[in-house]
Structure formats: structure tokens, C-alpha cells
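Subject: Structure for your files

Hello,

Here is the structure for you to look over. My notes follow below.

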Amino acid sequence: MTATAETPVRLTQFAHGGGCACKIPPGELEDVLGGLTAAPPAAGDTPLLVGLATGDDAAVVALPARGGAAQAVVSTADFFTPVVDDPYDWGRIAAANALSDVYAMGGRPVLAVNLLAWPRDVLPFDLAREVLRGGLEVAAEAGCHVGGGHSVDDPEPKYGMAVTGLADPERLLRNDAGRPGLPLTLTKPLGLGVLNNRHKATGERFAQAVATMVALNRDASVAALAAGASCATDVTGFGLLGHLHKLARASGVTAVVDTAAVPCLDGAREAVRDGYVSGGTRRNLEWVAPHTDFGDTDTGTRLLLADAQTSGGLLVAGEIPGHPVIGELVPRGPHSVVLK
């Protein structure tokens, strides 16, 4: 399939998956990473504060003390196949998603570089320019420089960013810092995955999904730090249940979720009902099932809670004004997640 001026281009048709739903399934990824440890540098004074151990959102190293306030570097990379057909929107979504990993650690993004894979003989470069324009605009909104990047000729289009940020090493948001008694707050509604999957299958455009995905998690991160939170993660390709399981496991607690309190986008439940559920979402649910007490939660709700999000919100162990509390952390029980 080659795009021409006479042929409308639907970018999602050039990808086997869409957005964060194209991630390697969490169980398979953990098998790959099992036993891998990074040897510390032979010399240096930049200790690794957050690394591979808990599968957190980004890596963090402490900068050498040179006088003044202590600082840490936050480093991450994120890219994916088209999640929407509009190239400008795809660029904005991918940039917001990559920047989110820095916000999820309590950091401030300062520099990004583009990661672009493009089928140069199939898709015109004016579309690639629109993708990059969207990424640049969102990075500018975040106050983050974009200093070039890397591109490859690839049969499947992919775009994202590697992002470097700064944070206070004493005020990080980590996925292993949850404690019993803390409420759980979710800062964006669920349903992005099923709406994106419906968009890919039918061409219907869901403005509410695009608006949610391009929204930065900056204000939520700042609010979490202001509220004294020290535990958070963002909700992306492993779904709410997957990321909640990882947080609860890393923190040695159980997360209890009030399913009626979890916000969902308009049209999301109907998309689940009509079968627009990605393979990634089903793999998420399969992965968390042994660790979850589902109670009497219906199948549709389970799928929505496992829905593979793209550029989703922050899940914070703490109460953030203006965002719904969806549950709480309790002492560790037989399951890492319990649905009520």
C-alpha cells in the first residue's frame, strides 16, 4: 500500500498495533529482563537512584554535589506506531506520552530528541514533517527543548522521544514508595485504548480521546509533589490494572479499587461492548489475573480496567485536588489488587 496525493492516508493502517498497545506484553518483557542487572560504573559520583529493579517509569541518577540544591537527572525513551490517522495529532500524543515518564517521577523535562522510523518509499515526507511539528509544539508547551534526534527507514512508521529531565532527589515520585492507608488518585479517565482501536477499525474520530492524550501530566505531577506524595506511576500500555499491580508489588502493599469511582471517557464502555478490544488489553488482563481478586466485577469492566492506554494519566498514592480518588492502599494480602 503506497500513499499518493489522490489516496487519503490513514496512518493507523500502516501499523500492526496502535500506540502503547503495541508494547511487548508485560509478562514476556519481565521474562526477557529477568536476571539482567547493570553493573555500576567503575568510577564516578552519580549514584543510580531508580533503575531496572521495580520497572519504574524512568531511570534517575543523582548529580554530583557542586554546591546549591541537590539535583538528579531523569532519563526515559518512548515511541510507538500510529495511534490516530492525523499525523499532527499523532506527533502531539507521542510527545506528551514520552514527557509523561518524567512527570511520573516528579521531574521537569528539559531536553528531548526525536525518534522517527519512516517507510520512505511508502509514505510522503510531508506527513513525517507534520508528526515532528506536533511533537515540537507539545515539547514547547512543556518548556522542553528538542535538540534533533535519530531517524531510520522502516517498513512501519514509529515516532516518539528520548527525554531528559531534572528532579529533586529527595522529592521523587516512585512506584515502590506506596504505604498502607494512602488513597489512590487517577488523573485521566480510562478508555483511550478501546476508542483508539475503534478509530483504527472504523475511521471514527474521538475528539475527547485526542484531547485527553495530548494533555500534559505536568500539572498533576506538580500537584502530587505539593500534596506531599512520594509514590506514583503513569497509566499507559499495561493498563490501570497492570501498572497498579506493579506499584503494589514494588511497594509491598495491596491496592483496593472502587470500580464505580474509576472515570471513563464517553463511548469507552460502548467500545468494549462492541468488541473494540486490542490484543494488548487482553494480554494485560491475562497477566494480572493471578494477582487480582476480581470479586463480582463484570467482564466489560475488567477489560476497561486493563485497557492499554496511550498517554494516560498519573496514578498517585495520595489525594490530588480536582481528581477522583479510586481506591486505597492497604497492608499486603493474598492479592496485589482487589476490585470492589
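Which strands does helix α3 lie across? Helix α3 (residues 125-141) lies across β4, β5 and β6, and runs at about 170° to β4. Angles run from 0 to 180 degrees between N-to-C directions, with axes fitted to C-alpha atoms, for helices over the stretch in contact. Helices (H or I, at least four residues) and strands (E, at least two) are DSSP runs numbered from the N terminus.

This is a predicted model, in which local features need pLDDT of at least 70 and side-chain atom pairs 80 or more, while totals for chains, interfaces and linings use all residues. Residues are numbered from 1 along each chain as its sequence is written, and side-chain values use heavy atoms, without hydrogens and water.

The open sheet has 6 strands in the order β1-β2-β3-β6-β4-β5, with mixed pairing; two strands pair if DSSP finds at least two bridges between them. At its edges are β1 (48-50) and β5 (145-153), each pairing on one side only. From one strand to the next the twist averages 20°. Helix α2 (residues 87-104) packs on this sheet and touches β3 (72-80), β4 and β6 (contact means heavy atoms within 4.5 Å).

Strand β9 (residues 253-257) has 5 of its 5 residues buried, so it is largely enclosed by the rest of the structure. Buried means under 20% relative accessible area, with a 1.4 Å probe and protein chains only. β9 runs antiparallel to β12 (residues 325-331), joined by 5 bridges, and parallel to β13 (residues 337-339), joined by 3 bridges. Val 257 stands opposite Gly 327 in β12, and its bridge partner in β13 is Leu 339.

Regards

Conventions:
Buried < 20%, exposed > 50% of the residue type's maximum accessible area, 1.4 Å probe, protein only.
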